[in-house]
Structure formats: C-alpha cells, structure tokens
Protein chains: 2
Amino acid sequence: MQQKPRVVIVGAGFGGLTLARTLRKDPLDVVLIDRNNYHTFQPLLYQVATAGLEPEEIAHAVRGVFQGHRNLHFRMATVTGVDFPARQVRTASGTLIPYDFLVLAPGAATNYFGVDGAEAHSFPLKGLHEAVILRAHIIRQFERADRNPALIDQEGLLNVVVTGGGPTGVEMAGALLELFQMVLRKDYPDLPIDRARVILIEMADQVLAPFDDALSRYACRTLTRRGAEVWLGRQVVRVTATAVHLSDGTVIPTRTLIWAAGVKAPPLADALGLEQARGGRVVVEPDLSVPGHPEVFILGDMAASRDEHGRLHPQLAPVAIQGARHVAEQIRRRLRGEATQPFRYTDKGTMATIGRNAAVAEIHKPVSFKTTGFLAWLMWLGLHLIMLIGFRNRLQVLVNWTWNYFTYDRSARLILDGRPPDDEEPPLTLEPESTPGVADHGA
Amino acid sequence: MQQKPRVVIVGAGFGGLTLARTLRKDPLDVVLIDRNNYHTFQPLLYQVATAGLEPEEIAHAVRGVFQGHRNLHFRMATVTGVDFPARQVRTASGTLIPYDFLVLAPGAATNYFGVDGAEAHSFPLKGLHEAVILRAHIIRQFERADRNPALIDQEGLLNVVVTGGGPTGVEMAGALLELFQMVLRKDYPDLPIDRARVILIEMADQVLAPFDDALSRYACRTLTRRGAEVWLGRQVVRVTATAVHLSDGTVIPTRTLIWAAGVKAPPLADALGLEQARGGRVVVEPDLSVPGHPEVFILGDMAASRDEHGRLHPQLAPVAIQGARHVAEQIRRRLRGEATQPFRYTDKGTMATIGRNAAVAEIHKPVSFKTTGFLAWLMWLGLHLIMLIGFRNRLQVLVNWTWNYFTYDRSARLILDGRPPDDEEPPLTLEPESTPGVADHGA
C-alpha cells in the first residue's frame with residue numbers, strides 16, 4: 001500500500017478546521033489535533049458568559065464535522081513541542097506523532113502583560129469552560145449580594161470591570177448591561193441593580209481603536225448611554241481578589257475583572273525555538289512556512305505574518321481562515337513540485353456589537369461603507385449565524401436569539417461550575433425577630 | 001405593617017417548586033432554598049449524560065420561574081439542620097433562617113449500600129453537574145481507546161456497566177446503546193464499536209420490577225435485542241478504579257460504572273434527630289407533618305409516607321408533586337384553624353423508555369391499560385415535554401429530539417469538564433516509521 005503524505009494540523013480553531021475541511025478530498029492523511037474534542041466559535045464566547053447562549057450552541061464536536069471522511073483522523077491532545085529534524089510533534093502525554101507536513105494553528109492565549117495578580121484574579125475568555133465558569137461567577141455574586149446587600153458597598157460585589165476596549169471588551173460590556181438590566185433586575189427585585197456597575201477600562205483614548213473614529217465614538221456613546229462607565233486612557237496595574245488598581249491610582253472594589261486586554265502566542269510558540277515577533281508570534285516566510293522548514297506552516301494568531309506594508313496581520317478569524325486556504329494550496333503546490341506563493345490577506349471588514357439593536361460595521365469588500373445601529377446589528381447577527389458551523393447550531397442560536405430578543409430573557413443563567421453554593425460566603429447571622437420575607441435579604 | 005406567616009421550603013425539586021407555585025397567591029412570605037440556582041428536571045438527566053440534550057435544556061433558573069412574584073424569595077444555600085424549638089433552619093455557612101411553617105423537600109441522595117469502592121469509583125446521576133461530568137468521561141474513554149485500541153481489551157475501556165435495573169438504569173442503558181451505535185460508531189470509524197459493551201446489572205430476576213411482568217420482559221428483551229447485556233440476579237459487591245466485581249465472582253474490567261442502584265435520604269434527614277424508616281426516610285404523620293411539630297412538613301423522596309396498606313410511597317416525581325399540593329392545602333387549613341387531612345397519593349401510572357420507538361407504559365388513571373413499543377414511546381415523549389418547565393425548554397427539547405431522531409445525531413457530545421485532554425493517559429510512543437494515518441491509532 002502506497003503511503004499518502006501525512007499532514008498534521010495542530011488546533012481545531014477557525015484556521016485548523018478550515019484547513020482540514022479544504023483538504024478533505026485531497027490524497028492525504030490528515031491528522032487534526034486539539035486540546036478539546038470540539039471547535040469553539042470564539043466570537044460568541046461572551047454570550048455564553050452572559051447567559052445568552054448555551055455552551056453547546058457555539059461548539060461543534062470535531063469528529064462530527066468530519067464524519068464519513070476517512071482521510072481525517074482526530075486526536076485530542078495538547079501539543080507541547082515539535083522535533084523538526086525528526087518531523088514529529090510531541091504531546092503532553094509524551095506521544096510522538098510523525099508528519100510530512102505540519103501546520104500549527106493553535107490560536108492565542110490570554111496576555112496578562114505581567115500585571116501583578118491579573119492571572120490569579122481575573123477571568124479570561126478564550127475557552128468554553130472559562131465562559132461557563134465566568135457565567136457562574138457573575139450570577140453567584142448576585143446571589144451573595146441578595147443574601148447580604150451590605151456587600152454591594154463594602155466589597156463592590158456587583159461591580160464588573162472589563163479591561164480592554166477592543167471588540168471583545170465592548171461586546172462583553174454591552175452584554176453585561178443587558179444581562180443586568182433586562183434579566184437580573186427582574187430576578188433580584190430586592191437588589192439595587194442600578195448599583196451594579198459595568199466599568200470598561202481602555203488604555204487608549206478610544207474604544208474599538210482599529211475602527212473608524214466615528215464608529216469608535218458611536219460605540220463609546222452607546223455603551224455610556226446604556227449605563228456602562230467607559231474609562232479611557234487608564235490601565236490596570238494591579239489586581240487582588242477584591243480590587244482592581246488603575247494606573248491613575250483609582251482602586252475599584254470588585255470580585256469580577258474580565259480580562260479582554262490582549263492576547264499573546266500560546267506556550268507552544270515559545271517551545272519551538274524559532275524567532276518570535278511581538279506578542280510571541282512566530283516569524284514566518286511570506287508563504288507562511290517556517291524559515292528553514294518548508295514543510296512546516298504556521299497560520300492564524302500565532303503566525304507573525306505581515307501585509308505588504310510590513311505590518312503584522314490582525315489576530316482575527318478571517319486571517320486564520322484565509323491563511324488556511326492559502327496553506328492548503330501551498331501544500332498542493334509543494335506536492336506537485338511547484339514553488340509556493342506569498343500569503344495575501346484580504347480585509348473584508350470588521351464588525352462589533354454593543355448589544356440589542358446596536359453595532360458598528362466597517363466594510364471594505366465587496367463594497368466599502370461604514371454603518372452603525374440597527375442595520376449594523378442585523379449584519380452582525382447574519383454574519384455570525386452564517387459563520388456558525390452546522391445547521392443545528394445555527395437553528396438553535398437563531399431560536400435562542402429570537403427568544404431573548406422578544407422576551408428580554410436569558411434562559412441559561414445557571415450556576416453550573418460544580419462548586420458548593422456557600423462557597424466564599426462569610427457566615428451571616430440573621431435576627432430571628434426581624435421582618436419575615438425581607439429579613440434574610442436585609443443587612 | 002402586619003407580618004405575613006413565613007413558609008420556608010427546602011428544595012426546588014418537583015415537590016418544592018410545585019409547593020412554591022401553588023402558594024404564590026397566598027398571603028404568605030415564601031422562602032425557597034436550594035443548593036442550586038436552578039430546578040433540575042431529573043427524569044431527563046440520563047439524556048444529558050448521553051449527549052442527547054444540553055444541560056440548560058432540562059434546567060430552569062428558579063428565579064426565572066418566580067419572576068414578578070414578590071411573595072417568593074429564593075436563596076441559594078445548603079440546609080444542614082433545623083432548630084425545631086427556635087423554628088430556624090441552618091445553612092452550611094452558619095446563617096439561620098426563621099420560619100413559621102417549614103417544608104422539607106430536599107429529594108434523595110445516591111445510595112451506595114456500603115459497597116466497597118462504589119462512592120469513589122462510580123458515577124451517580126442525581127444532578128446536572130454529575131451528568132456533564134459523566135458525559136465527558138464516557139466520550140473521553142472513546143478518545144483514549146482511539147489513541148490506543150489495545151486498552152479496549154486490556155482495560156475494558158469501552159465497557160460501561162450500569163447497576164440498577166429500575167427506570168433510570170434501563171433508560172440509561174438504552175440511551176448508551178444509541179449513543180454508541182448511532183453516533184460514536186460514525187465518530188470513531190477505526191474503533192470496533194461492537195466491542196463497546198453495555199452491561200446492566202440487576203439484583204432481582206427482572207428489570208423494571210415494579211412494572212407488570214409482561215412489560216418487564218419486553219424491556220429486557222428490547223434492551224438485549226439492541227445489544228445490551230442484561231445480567232439478572234447478580235449485584236455489584238466491590239468497585240475499583242479499573243473493575244467491577246459481582247456477587248457471583250465475575251470481574252468486569254471497566255472505567256465506567258454508572259450507579260443507578262438506589263437512593264437514600266440526604267444527609268439533612270440524618271441531621272434532624274427524627275425517627276427514620278427504610279433508606280433513612282423520615283417518619284411523618286399521615287398529613288405529612290413531623291410528629292410533634294405540626295408546623296413542619298416533609299414531602300417527596302425524604303418522607304416515609306405510606307399508602308393505606310402501610311407501604312411506603314415510591315420515590316417518584318408524582319408523589320412529590322401531589323404531596324406539595326397536599327401540603328399547600330394543609331398550611332391553609334392550619335392558618336384557618338382547621339384540622340389537617342391525611343395525604344392520599346393517586347398512582348396514575350408509570351412509564352420508562354428503552355430508547356428510540358420503544359417504551360413501556362402502565363397507566364392506571366384515567367383509564368387502566370398497559371402498552372409497549374411505539375405508542376408507549378410517544379406517550380413518554382409527550383408526558384415529559386408537558387412536564388418540562390417553561391415554554392422555551394419544551395421548544396428546545398422538542399427541536400433537539402426531532403433533530404436526533406431523524407439525523408441519528410447527538411450534538412452535545414462535548415468533553416466539557418475542565419480537565420486536561422491527556423488526563424489519565426499513559427505515555428505512548430509511536431513508531432515514526434509506521435503507516436501514516438493509521439499509525440497513531442494503532443497499538
């Protein structure tokens with residue numbers, strides 16, 4: 001039996017999944033490796049964290065995507081390194097997986113920028129499990145405040161601080177406002193929900209910095225009008241279990257800091273022994289291959305690929321998806337003995353939603369225009385539905401969004417993290433003679 | 001302000017939730033306490049564990065159920081004891097909650113009957129988190145087997161043992177067969193799925209013992225025909241991390257024992273200092289009140305309530321639901337100064353499903369009949385949809401069931417337990433020169 005060349009793909013994110021799908025009719029053996037047995041639709045993670053969608057709705061089992069495609073093998077594992085001379089990847093369990101072509105597309109990790117206490121005391125939002133944990137944590141603070149409202153002032157129990165004014169931070173802040181004002185306000189009638197603050201911290205002097213100024217201002221204005229506090233020109237310099245310290249000396253008491261300030265290359269990038277650029281991204285040739293290893297490609301967030309002006313590509317899904325199609329073609333060219341071509345990223349535009357009926361969209365292809373508000377929001381909804389994998393996920397998300405939109409409900413507000421209910425709760429003794437009904441909610 | 005009598009309800013299961021809903025227009029202050037912030041629809045837990053439904057679909061946020069009802073206060077806490085003379089319940093955090101009437105409806109806990117190793121090495125199925133953990137565990141074994149098929153024989157990696165031939169055990173065994181044969185067979189084309197055994201252990205000489213003989217035989221026959229091994233007249237006597245030991249000396253190598261053998265009263269029952277009957281259930285007066293404490297009622301699984309022949313009521317949802325309506329009425333009678341009435345449980349019938357197109361139903365009210373197969377299955381589906389709380393949950397479950405039925409798919413097959421992928425995986429070195437594509441799945 002003649003051996004087909006083996007392509008090992010590390011990561012089942014937008015890049016890895018697109019590549020595996022693109023190659024599925026090619027005469028290759030494709031091995032797709034991921035830490036999880038599912039693909040996560042990361043752009044909607046913030047909706048899982050704010051109880052708008054269920055975790056299963058934005059995930060798709062990798063094996064389900066490739067059912068019936070015998071040239072693809074999936075393996076659930078963490079890749080820890082690559083032995084380039086031997087052409088093998090190494091997994092956390094010590095297993096070695098040989099390759100003829102290797103494509104690294106592991107995505108990005110949260111970048112805490114060395115801020116003291118940030119990793120220990122803030123909530124990142126890169127994975128599905130993290131979103132479920134954050135969802136539980138946020139609702140848990142409301143349960144704690146309901147038991148003991150004094151903690152709202154004493155500990156800032158209902159303050160949520162989001163750091164990072166990019167799309168993730170803006171969308172998260174907007175979704176939190178909706179969760180608080182439309183859902184939790186009714187769930188906790190005894191709580192002063194107006195004192196549940198959503199504070200968005202951004203180092204630059206505007207949110208959504210890569211967008212057009214008018215769109216950035218619209219986003220900032222909309223967030224503020226809906227009740228968020230947008231603090232520009234400041235950054236988080238220290239985090240403890242109970243407070244966030246800012247560069248201007250402000251201290252915000254809170255139990256909930258959501259870290260959307262940035263990403264960096266994952267540990268795998270540091271383990272490769274290759275040249276790295278800003279944020280740990282690995283330097284690649286114009287064709288996305290690794291210098292000196294033409295059989296190895298890197299695509300997506302971890303690749304330090306550049307546009308024709310020498311600027312690093314943004315770390316966005318479309319770059320990974322286009323990179324995947326490019327790499328598929330280069331592997332075919334290599335196998336035919338042809339020279340490879342440089343990768344060209346086409347920026348079709350970007351969008352971000354602030355929430356209900358409000359979004360910004362900056363479109364470059366096929367026509368160039370900018371828009372805000374309801375139209376941008378509809379475009380955002382449509383695009384995300386189209387991008388979701390699998391008819392069933394789309395249908396479920398559509399049903400859920402429709403339901404949430406018309407009922408102002410969020411059905412997924414479950415505390416489902418396996419922790420006991422009284423976790424972290426300080427002892428609290430009620431006066432038995434106090435007014436029934438209100439007593440155990442009073443101070 | 002005149003104080004309204006306070007009714008404290010412990011447990012937001014079928015009993016507690018029904019009681020709180022029944023009382024929601026009464027001039028009372030109702031405090032509902034549960035460990036979770038959601039009600040779990042326990043009859044469908046096994047479908048979450050087998051990836052047929054998503055956790056959020058069979059749960060409903062308690063505060064959502066009572067939105068707009070200001071006489072109800074929810075508190076998330078674990079109740080650890082009752083101070084009957086002071087009329088206070090105590091929670092795990094030390095908080096004391098006073099009551100005028102107390103209704104204990106905490107449900108049941110898993111009963112391991114003192115079997116050596118059972119608690120440490122088996123999977124119970126009483127809560128949503130347990131179902132998510134079990135789902136992850138089952139799929140994880142398939143991932144491990146796919147990496148190293150030798151473990152199927154060596155460790156019985158794909159053997160799943162279910163102990164307890166009641167409705168839970170039968171439904172679980174049936175759902176596992178479908179998951180294996182319809183979904184995982186396609187997900188793992190390299191694995192010999194026919195060697196994924198589902199073994200149902202039952203101490204008695206038939207499954208579904210409380211049902212009519214003909215129905216029990218139908219269930220046993222159907223399970224067997226679909227591929228389960230139904231082992232009657234045996235019981236689990238010892239459990240280790242890698243094997244299940246039976247009373248006849250048989251040792252089944254497995255990593256997955258699902259414990260559906262029985263329930264007992266939860267720890268709260270033992271902490272009350274009251275007389276207990278079989279399984280730790282607390283002895284109650286015919287009106288469901290606690291002897292000597294007419295202001296305290298117990299309902300559902302924890303109450304040792306009896307029928308007119310002195311037999312303990314079964315530990316089923318309908319008993320708790322009818323008990324809740326009864327207790328609501330007794331509280332009203334008490335407040336009017338009237339004598340209470342004894343609780344009468346009306347057994348309208350029972351059903352259990354073996355899976356796709358197959359169920360048994362034994363109906364007593366309004367008309368008495370027995371049926372099996374497709375009709376019973378449709379009845380089972382309809383009843384469970386009606387019983388689910390909330391239009392949205394019903395809609396989602398209906399969509400999911402329809403999808404699963406026609407596509408033979410299970411979309412929720414995610415390993416989402418927060419554990420690393422290589423957990424438990426022994427190091428395994430591949431021969432780099434072995435056949436690509438199949439190599440890393442070979443021995």
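Buried residues account for 53% of the 443 residues in chain A. The structure is a predicted model, with an ipTM of 0.89 and a pTM of 0.91. Chain A has a mean pLDDT of 91, but pLDDT stays under 50 over residues 423-443.

**Fold and dimensions**

- The secondary structure of chain A consists of twelve helices and 25 strands.
- Chain A is as compact as a globular protein of its length, because its radius of gyration of 23 Å is close to the 22 Å that the globule rule gives for 443 residues.
- The C-alpha trace of chain A extends over about 85 × 50 × 45 Å along its principal axes.
- Of the contacts in chain A with a separation of 6 or more, 62% are between residues 24 or more positions apart.

**Helix α1 of chain A**

- Helix α1 covers residues 14-22 of chain A and is mostly covered, with seven of its nine residues buried.
- The buried residues in this helix are F14(A), G15(A), G16(A), L17(A), T18(A), L19(A) and A20(A).

**Confidence**

- In chain A, 94% of the residues reach a pLDDT of 70 or more.
- For residues 423-443 of chain A, where pLDDT stays under 50, the model has 42 contacts beyond four places in sequence.

Conventions:
Residues are numbered from 1 along each chain as its sequence is written. Chains are lettered from A and ligands numbered from 1 in the order in which they are written. This is a predicted model: local features need pLDDT of at least 70, side-chain atom pairs count only at pLDDT 80 or more; totals for chains, interfaces and linings use all residues. A residue is buried if 20 or more other C-beta atoms lie within 10 Å of its own, exposed if 12 or fewer, and partly exposed in between; C-beta atoms are placed from the backbone. Helices (H or I, at least four residues) and strands (E, at least two) are DSSP runs, numbered from the N terminus. The radius of gyration is taken over C-alpha atoms; the globule rule is 2.2 Å times the number of residues to the power 0.38. Two residues are in contact if their C-beta atoms, placed from the backbone, lie within 7 Å. pLDDT is the predictor's confidence in each residue, from 0 to 100.
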